[in-house]
Amino acid sequence: MSTPDDAPVTDAPVTGDPVTVRPARPDEAPSLVDLDDLVWAESERLPREVRLRSVPTRTVLVATREGETAGVTGAWDVEVGVPDGRGRARLVPADGVTWVGVHPDHTRRGVLTALIGSQLPATREAGRALSVLKASDSGIYGRFGYGTASTVLRASFAGGTTFAAPPEIQELADATRTRLQTAGPDLAPRLHAAWRRAATDRAGEVVRTEADLTRNLTDVPEHRGDREPNRVLVATRDDEVVGFAVVRRTVTEEGSVLGGRADVPIVTTADAAARLALAQRLTRLDLVTRTDWWVPADDPLVLWQPGWPRSLADGVVDSLWLRLVDLPAAVALRGTAADLDVVVEVADPVLPENAGTWRWTARSGEGRLERSGEQAQLSVDVGDLASVWLGGRSLGALAVAGRVREHAPGAVARLDAALRTPVLPAQSVDF
Ligand SMILES: CC(C)(COP(=O)(O)OP(=O)(O)OC[C@H]1O[C@@H](n2cnc3c(N)ncnc32)[C@H](O)[C@@H]1OP(=O)(O)O)[C@@H](O)C(=O)NCCC(=O)NCCS
């Protein structure tokens, strides 16, 4: 397994009685794949070389306990769209945490706590301000200072769904060409460039590297289950890719009736018209009676439905979890929607470098955080701050719930105004 020169691994093992954490050795990949299979109850249908290609490339840390390999965590190189302060997003590098698993014989003994206790400082030392992940369970990561930065609807669009978009958007959608093709690694360079452009449409998207996208677009027959190979619906306008959706259809037969479902694990669009063009194709594919596509609650596809469509959504789920690993750096990377001058007390039991009292200022859309000896005007936990970072939640709501405490009237409203985004964060891909 590769741990590149700049990989955020700790030089010296971090020892906590009785768990030890160290960087994985290159020859350990096969045994860590075995551990991952055991943790996730994998069917082991996938060929060995395919599984070995799924070992994260940025970093892998291994925990040992009582002389046994007890757990593992890794990270991919990703980019995350953070608000630019002007209603769109800018991409910043982040660690995309993955492969978190503890051997069933060693759970609930502090193994994950030790792994994260090494991984977060390593991310920070490597110069990354943010760590992100998709959680298997919503109860795991809050204690480590991660916050739910986006929530999405599990939306299911029936075949033939009508989207009541205004004529100018429909016209642009009609001028957008969509082509359905079989996924393949040859598409990766063009789609990756398009993904990076489209991910600035709203905050919250996670963009994989071109190498990771290449792997995702490469067919693995054993991965398919009862679904077809990955297809890609590509939207172009004037020869430029303005969006794409990775699609997998499953066609089933009940009696003599054929029904089909299309899953859309990756979708990105540069504007509302591209989104409409993709949605209109996907909901009109022959044999497809429903298209499952997870969307923010204010997605144009939702707002183009009459009223709030009860039939559309199958519940709300957490999408991206965000950790502010280096607070001053994160503030400098995120745009602001209003000028600001507020003194904030931040609690961070895991990364003490973030904790304490800060003077948070913003001018002309750019924020700055400096240590302050002044009286704090509001107090907030680092995980709650992460949960408002992408615009998925307001500090005001957290204050009503008593999670943010205001010591000077207006402080919460001022910080909310600076962090305000016009739209909710996007759905993020799994990684
Ligand atoms: C989830 C998992 C990584 C936790 O590892 P672990 O070593 O048992 O965690 P720790 O012992 O460090 O637990 C730390 C705390 O988190 C809690 N916790 C752990 N897993 C939890 C879960 N699934 N839900 C709620 N709380 C959880 C523990 O109770 C403990 O709380 P405490 O400090 O109040 O006692 C492990 O159970 C596992 O590998 N599960 C299957 C794979 C998985 O879900 N991985 C996460 C991928 S996103």
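Predicted model: local features only at pLDDT ≥ 70, side-chain atom pairs only at ≥ 80, totals over all residues.
**View 1. Five strands form an open sheet with mixed pairing.** The order is β19-β18-β17-β20-β21. Strands β19 (366-371) and β21 (405-406) stand at the edges. Each has a single partner strand, so one side of each is left without a neighbour in the sheet. Strand β20, residues 378-381, runs antiparallel to β21, and two bridges join the pair. Here Leu 378 stands opposite Glu 406 of β21.

**View 2. Strands β4 and β5 form a hairpin.** Strand β4 spans residues 68-83 and pairs with β5 in the antiparallel sense. Twelve bridges link the two. Five residues lie between the strands of the hairpin. In this hairpin, Gly 85 takes a positive phi near 85 degrees.

**View 3. Strand β5 also pairs with β6, in the parallel sense.** Strand β6 covers residues 130-133, and two bridges connect it to β5. Asp 95 stands opposite Ser 131 in β6. Between the two strands the chain passes through α3. This β-α-β crossover is right-handed. How much of β5 is buried? Eleven of its 14 residues are, so the strand is largely enclosed by the rest of the structure.

**View 4. A shell of 18 residues surrounds the ligand.** The closest are Thr 107, Val 111, Leu 112, Thr 113 and Gly 139. Two elements give two or more residues to this shell: β5 (89-102) and α3 (111-125). By type, the shell divides into seven nonpolar, seven polar and four charged residues.

**View 5. Helix α7 is largely enclosed by the rest of the structure.** The helix covers residues 272-282. Eight of its eleven residues are buried, which is why it counts as largely enclosed. Which residues of α7 are buried? They are Ala 273, Ala 274, Arg 275, Leu 276, Ala 277, Leu 278, Ala 279 and Leu 282.

Definitions and conventions
Residues numbered from 1 in each chain as written. Near = placed C-beta within 6 Å. Helix = DSSP H or I, 4+ residues; strand = E, 2+ residues; numbered from the N terminus. Nonpolar A, V, L, I, M, F, W, Y, C, P; charged D, E, K, R; others polar. Buried ≥ 20, exposed ≤ 12 C-beta atoms within 10 Å, placed from the backbone. Pairing = 2+ DSSP bridges. Right-handed = clockwise from strand over helix to strand, strands pointing away.
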